[in-house]
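Here is a short briefing on one protein chain. Look through the sequence and the model, then read the points below.

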Amino acid sequence: MRALPRRNMRDLAPGPSAPPGTAVTGPQAQQAPELAQRYELLERLGVSTAASEDFDELARDMATQAGFLYGFVNLFLEQQTFVGLHQPPTDSGYVIVGRTMSRDHGWCPEVMARKKALPLHDVHASPRFSGNHVVDAVGIRSYFGAPLIHDSGTVLGTVCVIDPEKRPLSEARRLRDIVINAGSQVMSHIARAPVR
């Protein structure tokens, strides 16, 4: 598993490293049926697990509406796979992230487990959420994420925005709603994909 890259480095991996049906071993073995179900559904829906201009645009719109530096459309595969990504320009001085990240990093694993939105206006406000690889690697202070749940009940991934600045608690509901709405747009886009 790759960690987030250091400042001004890119992870150029185009997507997951193993094809559907590949045996999963170790701690992720218990997640294997869920992962296989996710792959099967994405294949049936005709959704690519590679980066997508459409999803990049959705991530950009979500981040812009929220006023956040980073936006993601994230499929939970062998790694978190950012099929949609918006981030600051490479010469901005902010950390440039790649298209994949360990399934254990960030707050999206929590969103996947709880199957509902997670608004963190200040990740340091809770010890449970302040000790995180993304806090250390990217210096993130605020996170808002929502799950991507198919009509079948399968959770495909998340949408989220992150930023190095904390947000006022009074903004939490508005930011959460922006992310939930973006998740609905992603699922509508997926539903329009040609079913195989």
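**Confidence and overview**

The mean pLDDT of this predicted protein chain is 84, and 82% of its residues reach 70 or more. pLDDT is the predictor's confidence in each residue, from 0 to 100. Because this is a predicted model, local features need pLDDT of at least 70 and side-chain atom pairs count only at pLDDT 80 or more, while totals for chains, interfaces and linings use all residues. Residues are numbered from 1 along each chain as its sequence is written, and side-chain values use heavy atoms, with hydrogens and water left out.

**Whole chain**

- The protein chain has six helices and six strands. Both are DSSP runs numbered from the N terminus: helices are H or I with at least four residues, strands are E with at least two.
- Along the sequence, the pattern reads α-α-β-β-β-α-β-α-α-β-β-α.
- Of the 196 residues in the protein chain, 49% are buried. Buried means under 20% relative accessible area, exposed means over 50%, and partly exposed lies in between (1.4 Å probe, protein chains only).
- Among contacts with a separation of 6 or more, 66% join residues 24 or more positions apart. A contact means heavy atoms within 4.5 Å.
- pLDDT stays under 50 over residues 1–30. For this stretch the model has 59 contacts beyond four places in sequence.

- Six strands form an open sheet in the order 3-2-1-6-5-4, with antiparallel pairing. Two strands pair if DSSP finds at least two bridges between them.
- Strand 3 (100–101) and strand 4 (118–120) stand at the edges with a single partner strand each, so one side of each has no neighbour in the sheet.
- Strands of a sheet pair through backbone hydrogen bonds, either parallel or antiparallel.
- Strand 1 (residues 70–76) and strand 6 (residues 155–163) pair in the antiparallel sense over six bridges.
- L75 stands opposite G157 in strand 6.

**Helices on the sheet**

- Helix 1 (residues 32–45) lies across strand 1 and strand 6. Helix 1 runs at about 95° to strand 6.
- Helix 2 (residues 53–66) packs on the sheet and touches strand 1, strand 2 (80–86) and strand 6. The direction of helix 2 makes about 65° with that of strand 2.
- Axes here are lines fitted to C-alpha atoms, for helices over the stretch in contact, and angles run from 0 to 180 degrees between N-to-C directions.

**The cores**

- The largest nonpolar core has 32 residues. Such a core is a set of buried Ala, Val, Leu, Ile, Met, Phe, Trp, Tyr and Cys residues joined through side-chain atoms within 4.5 Å.
- Those with the most contacts inside this core are F55, V73, L156, V159, V161, V186 and I190.
- Helix 6 (172–192) is one of the elements that give two or more residues to this core. The largest share, eight residues, comes from helix 6.
- I190 touches L45, V47, F55 and L156, not counting residues up to four places away in sequence.
- A second, separate core of 25 residues includes F72, V95, M112 and V155.

- A32 lies in helix 1. A32 counts as partly exposed, at 22% relative accessibility.
- A32 and L77 are 45 residues apart in sequence and 9.9 Å apart in space, C-alpha to C-alpha.
- K115 lies in the loop between helix 3 (108–114) and strand 4. K115 is partly exposed, with a relative accessible area of 47%.
- Phi of K115 is near 60°, a positive value in a residue other than glycine. Most residues other than glycine have a negative phi.
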